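Hi,

Here's the structure I said I'd pass along.

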Amino acid sequence: MTVTLHQGDIPPTLHFSSCVAIDTETMGLQPARDRLCLVQLSAGDGHAHIVQLKAGQYAAPNLKKLLTDPAVTKLFHFARFDIAAIWTYLDVLTAPVYCTKIASRLARTFTAHHSLKTLCSELLRVDLDKQQQTTNWGADLLSEEQVKYAAADVLYLHKLKEILDASLIREGRMKLAQSCFDFLPSRALLDVAGWDKEDIFEH
Ligand code: MN
């Protein structure tokens, strides 16, 4: 595994194939309050790119172009949160997206556990270290542990997608999963607009 740290944006020469794994790190769990600090990316080739974003410096034209490229699927785990953070700080609604958590919920109904750590452990036999989960991502200088932890969150998503896609096809739920992925940007907008605690489909 290798990691490249970029300041403020990805270089214009950096290209990903038709599917890029993405994760974000923020100051906390409330997009309106907790600013976006990192965007991690991987083409699924074992290499991760980390974009460090300083407070108020969210121009990042190359990153925004990638996030809105209709030819590139953005692969997340719990996309709902990342899409809201990206919308709030980068001012773009990223699409099309795929979410390994939604895929797992639809394909793996025998379990209630769909965290990234659980999926990596059960589907890939990879043990994700979650020790840096509550670290300060807004620090000017990131530690080696922070960089490694942030990168790990995007390195396995392509492999998970491959396995989850096979399960979704086997269970006849691929079309339903795709409809859910297509709805995710709207779900994130509902969160930002104040419907985050409310399920509007409920009676
Ligand atoms: Mn993460």
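This is a predicted model: local features need pLDDT of at least 70, side-chain atom pairs count only at pLDDT 80 or more; totals for chains, interfaces and linings use all residues.

Residues are numbered from 1 along each chain as its sequence is written, and side-chain values use heavy atoms, with hydrogens and water left out.

The protein chain has 7 helices and 6 strands (DSSP runs numbered from the N terminus: H or I of at least four residues for helices, E of at least two for strands). In sequence order that reads β-β-β-β-α-β-α-β-α-α-α-α-α. The C-alpha trace spans about 45 × 40 × 35 Å along its principal axes. Of the 203 residues, 48% are buried (under 20% relative accessible area with a 1.4 Å probe, protein chains only; exposed is over 50%, partly exposed in between).

Now the metal. The manganese ion is held by D23 (OD), E25 (OE) and D153 (OD) at 2.0 to 2.1 Å, with the donors spaced D-x1-E-x127-D along the chain. Donors here are N, O and S atoms within 2.8 Å of the metal (3.2 Å for Na, K and Ca); water is not among the atoms, so the site may look incomplete. D23 is buried, at 10% relative accessible area, and E25 is buried too, at 9%.

Lastly, W87 sits in helix 2 (residues 79–90) and is partly exposed, at 32%.

Cheers
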